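I opened a new page for this one and jotted things down as I looked them up.

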Amino acid sequence: MWDFETDPEFQAKLDWADAFVAEKVEPLDLVWPGLEFTRLEGERRKAVEPLKDEVRAQGLWATHLGPELGGAGYGQLKLSLLNEILGRSSWAPIVFGCQAPDTGNAEIIAHFGTEEQKERYLQPLLNGELFSCYSMTEPQGGSDPGTFTCAAVKDGDEWVINGWKFFSSNAKTASFFIVMVVTNPDVEIYRGMSMFLVPADTPGIKIEKNFGMGAEHEGSHALIHYDNVRVPADALLGDEGQAFAIAQTRLGGGRIHHAMRTIGMSQRALDMMCERALSRRTQGSLLADKQFVQGYIADSYAQLKQFRLFVLYTAWSIDKHNNYLKVRKDIAAIKVLMPGVLHDIAQRALQVHGALGVTNEMPFTRMMVGAAVMGLADGPTEVHKVTVAKQVLRDYKPTEDLWPSRYGPTLKAAAREKYAEFLEHEVGNL
Ligand SMILES: Cc1cc2nc3c(=O)[nH]c(=O)nc-3n(C[C@H](O)[C@H](O)[C@H](O)COP(=O)(O)OP(=O)(O)OC[C@H]3O[C@@H](n4cnc5c(N)ncnc54)[C@H](O)[C@@H]3O)c2cc1C
């Protein structure tokens, strides 16, 4: 059955979220703009906490996990529709309790954590009481885990972690880190790494620098030195050597959640482009009447619509199979498309705004840096293209004919034989 409609009950929730984000959350972006939102202190906390209560009262808080994993979720398809709305604002994911990297971190603790770990880390994370950090990439190479050297060795009942991690987002505000380290250097890397849950105040965690995006003043992506960081044996998340299997669970969800919010961000750029086109006059007519600008609008609309349908279809597939691996090809394909969609639409919107478009009064340059980030975070575009191609090729077999597949002479001869009677008749009529 094919159906492109949302059930009326959930549509009512979406309508509420749409109005709530427009009236109460988007203004936060104007007061505290940019990506420096995770320091939730003082006035920011006072402004945000009552909004979170309104979201909770609507049953829309922390909906990235389903009830079977301890959340209040409705599945990926409905989350997608909600995330489109939240993507319009940097603050909305915080207000709705579903911001990265906490969503992915909550998901893996829910799947692989012990009861004690869930009580200590998952519940407070889902309650919005604390933030978390995911620490995997290393300075010498993110796309090639074969180069990872940050390691933990056993010392009695404890593990001791030593090494460096790079781009650990939100380290400065996190209450705990999920650190992925080598625990067995004697086997291939994909079986030799493990994950640990490490409280942020553990001695030996040294944040050496926080990198900012673009023109950001205060960065939140940390270079960390783990210098003899001791954790107890029960800090291990899942089994020893299981880190890559766990990471896939996390990154599968994370990637599609970014894509859902990218729809919202791109829609916002398109909305602004259209409003500007209908408001600005130059050389005797509205921008909306110029064919070049009409081209920008048409291309953006079609690009966004295409991308949105692909994301919704993939979310639906995840719900259907309940397994990210089965939907790996489409998640990777969405990840590949995402930076281009946001970049192209934001760039056209910026252009239509003229000089105003490049100023920090407008969100477009931030969006374009955001597009570049989408092409790197959770793995670079090139690596995901390789995944897509490999998965696509699985459905094909090599052909022995010189001609490719369905046009080969063997198949042609077989087809002629099959329709010999009709061919004869046809020749007879000629
Ligand atoms: C905003 C942001 C937030 C992030 N947050 C986190 C976080 O919270 N935790 C964390 O652990 N990491 C995080 N990362 C790191 C991210 O996962 C890495 O940047 C990513 O995996 C790429 O690694 P790298 O930066 O070392 O680039 P490299 O691995 O050095 O790759 C550089 C470039 O080489 C090319 N390339 C790489 N591999 C291939 C290939 N197979 N074929 C062709 N070309 C290739 C690509 O163009 C790629 O961009 C974050 C990154 C960003 C930008």
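**Entry 1: the whole chain**

Before counting anything, I wrote down what "buried" means: a residue is buried if 20 or more other C-beta atoms lie within 10 Å of its own, exposed if 12 or fewer, and partly exposed in between. By that rule, 37% of the 430 residues of the protein chain count as buried. I also noted that this is a predicted model. I looked up the secondary structure and found 15 helices and ten strands in the protein chain. The C-alpha trace spans about 90 × 65 × 40 Å along its principal axes. Then I checked contacts between residues at least 6 apart in sequence: 71% of them join residues at least 24 apart.

**Entry 2: domains**

How is the protein chain divided? I got domain 1 (8-113), domain 2 (132-237) and domain 3 (268-378). I looked at domain 1 and domain 3 together, and their centres, taken over C-alpha atoms, are separated by 21 Å. Six residues from domain 1 and eight residues from domain 3 make the contact. On the domain 1 side, I sorted the touching residues into one nonpolar, four polar and one charged.

**Entry 3: around the ligand**

Next I went to the ligand and listed what surrounds it. There are 22 residues around the ligand, and the closest are M136, T137, G142, S143 and S169. Sorted by class, this shell has ten nonpolar, nine polar and three charged residues. Which elements each supply at least two residues of the shell? My list has β1 (131-135), β3 (158-169) and α13 (381-393). By domain, the shell draws at least three residues from domain 2 and at least three from domain 3.

**Entry 4: the nonpolar core**

I moved on to the largest nonpolar core, which has 99 residues. V179, F196, A269, A346 and A349 touch the most other members. Helix α8 (residues 243-279) gives the most to this core, with 13 residues. Leaving aside neighbours within four places in sequence, A269 is in contact with I345, A346, A349, F364 and M367.

Is R276 buried or exposed? R276 lies in helix α8, and R276 counts as buried because 20 other C-beta atoms lie within 10 Å. Leaving aside neighbours within four places in sequence, R276 is in contact with L287, V352 and H353. I also checked R276 against G354: they are 78 residues apart along the chain, and their C-alpha atoms are separated by 10.0 Å.

Q123 counts as partly exposed because Q123 has 13 C-beta neighbours inside 10 Å. Q123 and L223 are 100 residues apart in sequence, and I got 28 Å between them in space, C-alpha to C-alpha.

**Entry 5: a pair of helices**

A reminder to myself: two packed helices are described by the angle between their axes and the distance between the axes. I looked up helix α3 (residues 76-86) and helix α9 (residues 291-321), which pack at an angle of about 150°, with their axes 7 Å apart. Q76, L77 and S80 make the contact from α3, and V311, L312, A315, W316, I318 and D319 make it from α9. By class, that contact has six nonpolar, two polar and one charged residues.

Most residues other than glycine have a negative phi, and most peptide bonds are trans. I went looking for exceptions.

Where is the cis peptide bond I noted? A cis peptide bond joins A100 and P101, with omega about 0°. P101 sits in the loop between α4 (92-95) and α5 (102-112).

For phi, I noted F167, with a positive value near 60°. F167 is found in strand β3, and F167 counts as partly exposed because 19 other C-beta atoms lie within 10 Å.

N228 also has a positive phi, near 55°. N228 lies in strand β7 (residues 221-232), and N228 counts as exposed because there are 10 C-beta neighbours inside 10 Å.

Notes: Residues numbered from 1 in each chain as written. Predicted model: local features only at pLDDT ≥ 70, side-chain atom pairs only at ≥ 80, totals over all residues. Axes fitted to C-alpha atoms, helices over the stretch in contact; angles between N-to-C directions. Helix = DSSP H or I, 4+ residues; strand = E, 2+ residues; numbered from the N terminus. Contact = placed C-beta atoms within 7 Å. Nonpolar A, V, L, I, M, F, W, Y, C, P; charged D, E, K, R; others polar. Near = placed C-beta within 6 Å. Domains from an automatic or database assignment. Core = buried A, V, L, I, M, F, W, Y, C linked by C-beta atoms within 7 Å.
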